[in-house]
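Reader: Hi, I'm new to this one. Could you walk me through it?

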Amino acid sequence: MRFRGGVVLSALAFLLVGCGVGVRPTGVIDAGEPASGLTRGKRLYYASDTGLRAVPLLDRENDTLDAVMKLLAQGPTAAERREGLTTLVHAPSGYTVTGDGPRVTVTLEGPYWARPRDQATGQLVCTLAGFQSVREAEVRADDVEVTISPGEGPELGPLRCAEFLDR
């Protein structure tokens, strides 16, 4: 037997309505707050005219937090630069980056090169937070706190990425 789509749908609708099953109007259903926060994953955060923007690391190998610092200092690809992205992070002469659970510490041999609340610091904090959440699967990127300990000057932090994304 061969049916045309419209005939089958009409018959099905008639059967459902005839059985007392139908679509009943409802009011607005509140499903809660929209999703927010950082996305888990290996991403570099670059500066732009509109604030920080995340770029996924799709084909770049990096297994350490130190490697992420180097990638940030290298800056965006040519295509990313054409989209208005830049890096404000300068490669420090000597540093170590350690992560343990939701805490990341950047220890610099010299002074810190940026202000505490600018995009350069945001690039560093957000990139390291996202990467740490990949390294430690039970840690949410939103919960990672980054502390910057320069060899000269006051310690910065702990800082969270959310402090830089709402700007």
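Author: Let's start with a term. Buried means under 20% relative accessible area, exposed means over 50%, and partly exposed lies in between (1.4 Å probe, protein chains only). By that scale aspartate 143 counts as partly exposed, because its relative accessibility is 33%.

Reader: Where do the numbers come from?

Author: This is a predicted model, where local features need pLDDT of at least 70 and side-chain atom pairs count only at pLDDT 80 or more, while totals for chains, interfaces and linings use all residues. Residues are numbered from 1 along each chain as its sequence is written, and side-chain values use heavy atoms, with hydrogens and water left out.

Reader: OK. How many strands form the open sheet, and in what order?

Author: Four strands, in the order S3-S4-S5-S6, with mixed pairing. Strands here are DSSP runs of E with at least two residues, helices are runs of H or I with at least four, and both are numbered from the N terminus. Two strands pair if DSSP finds at least two bridges between them.

Reader: Which are the edge strands?

Author: S3 and S6, and each pairs on one side only. From one strand to the next, the twist averages 10 degrees. Angles run from 0 to 180 degrees between N-to-C directions, and axes are lines fitted to C-alpha atoms, for helices over the stretch in contact.

Reader: What packs on the sheet?

Author: Helix H2 (residues 65-74) does, touching S3 and S4. Its direction makes about 130 degrees with that of S3. Contact means heavy atoms within 4.5 Å.

Reader: Do S3 and S4 run parallel or antiparallel?

Author: Antiparallel. S3 (residues 95-100) and S4 (residues 103-108) pair over six bridges. Aspartate 100 has arginine 103 in S4 as its bridge partner. The hairpin has two residues between the strands, and glycine 101 takes a positive phi near 60 degrees there.

Reader: And S4 with S5, parallel or antiparallel?

Author: Parallel. Five bridges join S4 to S5 (residues 145-149). The bridge partner of valine 104 in S5 is valine 146.

Reader: New topic. How many disulfides does the structure hold?

Author: One. A disulfide is a pair of cysteine sulfur atoms within 2.5 Å. Here cysteine 126 and cysteine 161 form it, with their sulfur atoms 1.9 Å apart. The pair links distant parts of the chain, 35 residues apart. Cysteine 126 sits in helix H4 (residues 119-135), and cysteine 161 in the loop between S6 (156-159) and helix H5 (162-165).

Reader: Why is the disulfide right-handed?

Author: Because the torsion about the S-S bond of cysteine 126 and cysteine 161 is about 95 degrees.

Reader: Are those two cysteines buried or exposed?

Author: Both cysteine 126 and cysteine 161 are buried.

Reader: Now charges. How many salt bridges are there?

Author: Six. The rule asks for a side-chain nitrogen of Lys or Arg within 4 Å of a carboxyl oxygen of Asp or Glu. One of them joins glutamate 163 and arginine 117, with the closest N and O atoms 2.3 Å apart. Glutamate 163 lies in H5 and arginine 117 in the loop between S4 and H4, so the pair ties together parts that are 46 residues apart in sequence.

Reader: How accessible are glutamate 163 and arginine 117?

Author: Glutamate 163 is partly exposed, at 29% relative accessibility. Arginine 117 is partly exposed too, at 41%.

Reader: Which residues are linked in a network of salt bridges?

Author: Arg140, Asp142, Asp143, Glu145 and Arg160. Arginine 160 forms a salt bridge with glutamate 145, the closest N and O atoms being 3.1 Å apart. That pair links the loop between S6 and H5 to strand S5, 15 residues apart. Arginine 160 also pairs with aspartate 143, at 4.0 Å between the closest N and O atoms. Aspartate 143 is in the loop between H4 and S5, 17 residues from arginine 160.

Reader: Last one. Is threonine 121 buried or exposed?

Author: Buried, because its relative accessibility is 0%. Threonine 121 lies in helix H4. A polar contact of 2.7 Å joins its side chain to that of tyrosine 112. Such a contact is a pair of N or O atoms within 3.5 Å; within protein, one must be able to donate a hydrogen and the other to accept it, and residues adjacent in sequence count only if both atoms are side-chain atoms. Not counting residues up to four places away in sequence, threonine 121 touches several residues, including Ile148, Leu159 and Phe164.
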